[in-house]
Amino acid sequence: MTATENVAAGLQVATFTDAMSRLVSGLAVVTTRQATGQPCGLLVSSICSYSVHPPSVLVVVDHASRCRDSLTHSAEFGVHLLGRAEERTARTFASRGADKFADVGWEWDGAVPRLCEAPIYLRCNTTVVFDHGDHTILIGEVAYTAAVSEAEPLVFYRRLFDWRLGRNGVRQP
Ligand SMILES: Cc1cc2nc3c(=O)[nH]c(=O)nc-3n(C[C@H](O)[C@H](O)[C@H](O)COP(=O)(O)O)c2cc1C
């Protein structure tokens, strides 16, 4: 049995997800405009700085996401790196709520819905889209970065939001 077949059989999934839960992640809300003109967005932890030349980010979106088609067809998307104060926003955008934008402050930045409270905002031009397995990988070149505001990051670790790392690895209050 190959490694892929092993995972497909579910034999290593729990071990894999448990291992990856030990990877400290930042959290971001990725937004774009739907064909209907309405905003859409989802919470992601699968995001990283991809390159500096050109400045680019890489985002991974599940095929099950309702935003996926809008993201793959839009010329632009927004990335909002969340601070500790945005845990509620994180939970909202991780949900499948009917209107995730109803209780957050936001505005249009051209064709990109911008969340006003996020401490870090990047507007990206979609440059690469490809599928692998049940996810889509997007690479976006950063067209605009708002001035970075100081805020402690929202950290996802061991399946918990708002993990504050201490030197000894113990969760801090
Ligand atoms: C901590 C956390 C991290 C997540 N990271 C991702 C991710 O990287 N990519 C993804 O597609 N979904 C991710 N999700 C799941 C989506 O946020 C979730 O499925 C959401 O409901 C999708 O919304 P939509 O269907 O309106 O697009 C994550 C959820 C949580 C709680």
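Which residues line the second largest pocket? In this predicted model, the lining consists of Gln 34, Gln 38, Pro 39, Cys 40, Gly 41, Arg 66, Cys 67, Gly 97, Ala 98, Asp 99, Lys 100 and Phe 101.

**Second largest pocket**
- The volume of the second largest pocket is about 250 Å³.
- Five nonpolar, four polar and three charged residues make up the lining of the second largest pocket.

**Largest pocket**
- The largest pocket holds about 990 Å³ of space.
- Its lining comprises 33 residues, and those nearest its centre are Val 44, Ser 45, Ser 46, Val 60 and His 135.
- At least two residues of this lining come from each of helix H2 (13-20), strand S1 (25-26), S3 and S5.
- The lining of the largest pocket divides into 17 nonpolar, nine polar and seven charged residues.

**Ligand and its shell**
- The ligand is surrounded by 18 residues, with Leu 43, Asp 62, Ser 65, Arg 66 and Lys 100 the closest.
- The shell contains 10 nonpolar, four polar and four charged residues.

**Contacts with ligand oxygen atoms**
- A backbone N or O atom of Leu 43 lies 2.8 Å from a ligand oxygen atom, and one of Cys 67 lies 3.2 Å from a ligand oxygen atom.
- Arg 96 places a polar side-chain atom 3.0 Å from an oxygen atom of the ligand.
- Taken alone, the ligand exposes 640 Å², of which the protein buries 82%.

How values were computed
Residues are numbered from 1 along each chain as its sequence is written. This is a predicted model: local features need pLDDT of at least 70, side-chain atom pairs count only at pLDDT 80 or more; totals for chains, interfaces and linings use all residues. Side-chain values use heavy atoms; hydrogens and water are left out. A residue is near a molecule or strand if one of its heavy atoms lies within 4 Å of it. A polar contact is a pair of N or O atoms within 3.5 Å; within protein, one must be able to donate a hydrogen and the other to accept it, and residues adjacent in sequence count only if both atoms are side-chain atoms. Accessible areas come from the Shrake-Rupley method with a 1.4 Å probe; for residues, only the protein chains shown count as cover. Ala, Val, Leu, Ile, Met, Phe, Trp, Tyr, Cys and Pro count as nonpolar, Asp, Glu, Lys and Arg as charged, and the others, Gly among them, as polar. On a 1 Å grid over the protein atoms alone, a cavity is a set of points where a 1.4 Å probe fits but cannot get out, and a pocket is an open set with protein on both sides within 12 Å along at least five of seven lines; lining residues have an atom within 4 Å of a point. Grid points are joined across faces, edges and corners, and a volume is the space filled by probe spheres set on the points. Helices (H or I, at least four residues) and strands (E, at least two) are DSSP runs, numbered from the N terminus.
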